[in-house]
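Hi there,

Here is the structure I promised to pass on. Please have a look at it first, and then read my notes below.

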Amino acid sequence: MANSTTSASANRPEGAERLSEERREAMRGEPPFVEAPTDDTRLVRALKEAGVTAGLVAVLTLFFFFFRTDIAVGGLNLTVDPKSWIIAVGIAFAGRFLLTYFVFAGERPTIGGWKKVAAASARWPIGKVLGITLLLIALTLPFLLMTLLPGQDRYLLDLSILILTYVMLGWGLNIVVGLAGLLDLGYVAFYAVGAYSFALLATNFDLGFWICLPMAGLFAALWGVMLGFPVLRLRGDYLAIVTLAFGEIIRVVLLNWYDFTGGPNGILGIPKPTLFGLEFSRGEGSFSDFFGLEYSSIQRFVFLYYIILALALLTNFVTMRMRKLPVGRAWEALREDEIACRSLGINTVNVKLTAFATGAMFGGFAGSFFATRQGFISPESFTFIESAIILAIVVLGGLGSQLGVVIASVVMIGGIELLRNLTGLQAIFGAGFDPTQYRMLIFGLAMVLIMVWKPRGLVSTRTPSAIYKEKKTIGADLVAQGEGH
Amino acid sequence: MNENNRNWAVDPVLSVEHLTMRFGGLVAVDDLSFDVGRGDITALIGPNGAGKTTVFNCVTGFYKPTEGRIALRREGTVSDAALAELTRGGQQYRRADDGSIFLLERMADFKITEIAGVARTFQNIRLFGGMTALENLLVAQHNELMRASGYTIGGLLGLPGYRRAAEAAKEKAIEWLRRVDLLDRADDPAADLPYGAQRRLEIARALCTNPVLLCLDEPAAGLNPRESAELNTLLKYIRDEHGVSVLLIEHDMGVVMEISDHIVVLDYGKKISDGTASEVRNDPKVIAAYLGVDDEEVEEVERDLDVATAHTPVQGGAL
């Protein structure tokens, strides 16, 4: 960097040099733009703003918290509840005070501290450390759960499997939306194709999970290409609408093709996966029998957990690898500028189709895993809301970021489940508060807040796929978002 | 001017013949014919709206011309009879050791770059802004690397053949970055580079596709005089050391007059002049087009010019 600045100034003509020197002279010393507030004024200011905020909240919530009307026999019953009103005003006062005192009026931006931390740990960037930590946790999770939380291990393990399924789907969609920049609102179609491929092959031809898995992936990839062709010429919002329609078409066909798919009744009796032919059941020839263990139903969950973990890691590995291959670089170039791609001799048709096919293939893998885990599938499971959740995971995590998808999946899928059990909130809102009723509300609010805080997703920087000397992450403001965003 | 200097008539790399491009009722390019000599720097000039960029878009396949033939002779010489036969036969191109020929008006835009070897830059720079300078040049080597990676399969398995090819591609990219004086910015995102550097990077990116013909759309637009001079050096280097023929659109007459071997002047989609820099500079039609003189006054200008040149020879930069 030092080199580049010197050469740039050497290139400049003399007049400009002198001008810029004068300008620099005028601004010598610390930038005098903002006086750093002293502690006294800071405290006063914080108290004042907190007071105003508290006053506003007091007025606004007067008729929500202080006076309450309940339906009673023969009309309405007015009750007075000063306690919750005072608590609400107190929260507003304290929150505003803390924000003003520590965040808004700090001597330097709070972010500055983080930048220093990030710079100090350049060799071990925070993303890398976090990634390795998460991987280690993921690898040992079943045993951690069994030893630490023996009472809840099955529920939590099942939840982990669900989260990992969404991580895998998010990574698959990330190829299409994050890397190639093609907004796909019908990703669930490939999930459905994978699930039904496996279910139909298994029930009709008596094939096992491991044989069907690659076939399901191939079928889904084929459907990816079939979707790819009609949308090749579409851009922006039109692409999003057509993919949305495609997702619905698949679901409606599954619902109405009664003879083939069982229609709304779905498909029952999908076989469970086996470990080299060993079933996870009671009795002769089972996993526990073979290894001389005592049978426990948790063994099957642990097995399923490791299958989806392996599939997800495969998705990640292949994606990371492809990013450094010409095809992955062409995806990102396509997201940046399609016309420039064509001017460089890149067949953008093939690039788009490979993106759709690769993304769809991983969706298909995840779909067949879903089918084998549930043992039963029906079109109910493949509605638009699934596509929306997967897309939300990718967008919330940060387009193109693998780590972001993991964090977003944990937050979104884990968060929805967590809110179901948040009985602690009853201490604030009263004993009548039922967290399950408010969970979607709280969840929606949390998402809005995250997007306000980080508009380009949790991990929005881009890592270059090739490095000459120094690896520099690229800020989100420079990276194009592709079509339809 | 000596006839022997007319390289474009003897050994053309690109022949545009009777090119017409209509957009609805508007005729952007009208029956235009010109040749681009192999190893020449050819400039396409003309007032705003003369149809220069339309010609470019036809040559690089971004537009399909309404009429006309655009033939590229990649190597060797091809007889006119062979060209006529190819045109009648309905093929897109013919590859042979004694001379390959490509009919660009029949080919898809990316094929023109991939197999015919025509690369281009854009009037409004089109870099991959979120990718580093190095990555930009690697994307340009896509087709070569795709073959080396066994269409991704070999690359996924990490075969040594691909690793060697990837190293070579990086070497080539670094060599071009050094050549355009951007090596110390190799790891910076392209959108972060200053304007002049982005122009140079776009030229380097086009050259990474190994073109025989490089089409530059206003490469000196927005450059300061020093950067323009550097651009001239770069273009001469490309022509002399790499044997790449250059076709450029340019408004900066300093650049055009200094480096062009051949200048074609367009006005209202028609060719009004064609020749060396000194021929074009003294052409009354060109002066009239640039100064905005009515058709009847052209002769008047011609007469004035004859008087002027009789006394003092016109120096460079008269336009």
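What follows is a short tour of some helices in chain A and a sheet in chain B.

A word on conventions: this is a predicted model, where local features need pLDDT of at least 70, side-chain atom pairs count only at pLDDT 80 or more, and totals for chains, interfaces and linings use all residues. Residues are numbered from 1 along each chain as its sequence is written, while chains are lettered from A and ligands numbered from 1 in the order in which they are written.

Just after the helix, Gly398(A) has a positive phi of about 110 degrees.

Two helix pairs come next. α9(A) packs against α17(A) (348-374) at an angle of about 50 degrees, with the axes 6 Å apart. Axes are lines fitted to C-alpha atoms, for helices over the stretch in contact, and angles run from 0 to 180 degrees between N-to-C directions. The two helices are therefore oblique to each other (angles under 35 degrees count as roughly parallel, over 145 as roughly antiparallel, 65 to 115 as roughly perpendicular and the rest as oblique). The axes of α8(A) and α14(A) (298-323) come within 9 Å and cross at roughly 20 degrees, which makes α8(A) roughly parallel to α14(A).

On to chain B, where six strands form an open sheet with mixed pairing, in the order β7-β8-β9-β3-β10-β11; two strands pair if DSSP finds at least two bridges between them. The edge strands, each pairing on one side only, are β7(B) and β11(B). From one strand to the next, the twist averages 15 degrees. β3(B) and β9(B) pair in the parallel sense over four bridges, and Leu44(B) stands opposite Ile249(B) in β9(B).

Happy browsing!
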